[in-house]
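Let's take a friendly walk through a protein fold, strand by strand. Have a look at the sequence and the structure first, and then read on.

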Amino acid sequence: MSSTKIHLSKATFTISAPDIRRLPADSGIEVAFAGRSNAGKSSALNTLTNQRGLARISKTPGRTQLINVFEVAENRRLIDLPGYGFAKVPLEMKKKWQKALGEYLEKRQCLKGLVILMDIRHPLKDLDMDLIHWAADSELAVLVLLTKCDKLSQGKRSAEVLSVKKALAPLNADIRVQAFSSLKYTGKEEADVVICDWLEQEAQEYDLPEASDLDDEDENILPEDFQN
């Protein structure tokens, strides 16, 4: 365990990058946020960091078209990945930023945890499941935040969380599931503990990839929807 005590409220914007070549050096620890374009990802980031304007919120889903980097401590970062699935944007633009998402997930060695956000009323869509399966196969820890839970009654909310847990249990992976509301702060403290635990791990040293490696097509793993 690292001696670094993490406080998400200290997050500061560092850079917006079109692809992984423009990101900070692949070192330290990163926790990435991913989800469909209408899942409330930016709102969740602002709630978790206690900063209303850290991540830009738009009434039009799909505005996160770059990889946004927020530093919370030395060599500890939160990564806001491009949304997937919903956004009404030109096809070529969508292909470009979905490729950036796929590349980041496949090649970024310092990625230690993945927060996947889903509208609690519409969880486990195909792309959500593809991403969860990839993370499970990659032995990457996952926190599923079922957002907008304030729109459901307590009973319905609990039933949805249980249903998602049951659906993911056969994967036998490090996956935690909880209800979350950016409006009511439901689940904020629990999510904060998980994310800070990831960021407080001891960082490893990695061999930096050659530029040619970043251009290679991997055989893998992520579905074409995240790469094309």
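Seven strands form an open sheet with mixed pairing, in the order S1-S3-S4-S2-S5-S6-S7. Strands here are DSSP runs of E with at least two residues, helices are runs of H or I with at least four, and both are numbered from the N terminus; two strands pair if DSSP finds at least two bridges between them. At the edges sit S1 and S7, each pairing on one side only. On average, neighbouring strands are turned by 20° against each other, direction ignored.

This is a predicted model, in which local features need pLDDT of at least 70 and side-chain atom pairs pLDDT 80 or more, while totals for chains, interfaces and linings use all residues. Residues are numbered from 1 along each chain as its sequence is written, and side-chain values use heavy atoms, leaving out hydrogens and water.

Inside the sheet, S2 and S5 run parallel, paired over six bridges, and Ala 32 stands opposite Leu 114 in S5. Helix H3 lies across S2, S5, S6 and S7, at about 160° to S5 (axes are lines fitted to C-alpha atoms, for helices over the stretch in contact, with angles from 0 to 180 degrees between N-to-C directions; contact means heavy atoms within 4.5 Å).

Two nonpolar cores (buried Ala, Val, Leu, Ile, Met, Phe, Trp, Tyr and Cys joined through side-chain atoms within 4.5 Å; buried means under 20% relative accessible area with a 1.4 Å probe, protein chains only) are listed here:

| Core | Size | Some members |
|---|---|---|
| Largest core | 37 residues | Leu 81, Tyr 104, Leu 105, Leu 114, Val 144 |
| Another core | 28 residues | Leu 54, Val 72, Ala 73, Ala 141 |

Notes:
Buried < 20%, exposed > 50% of the residue type's maximum accessible area, 1.4 Å probe, protein only.
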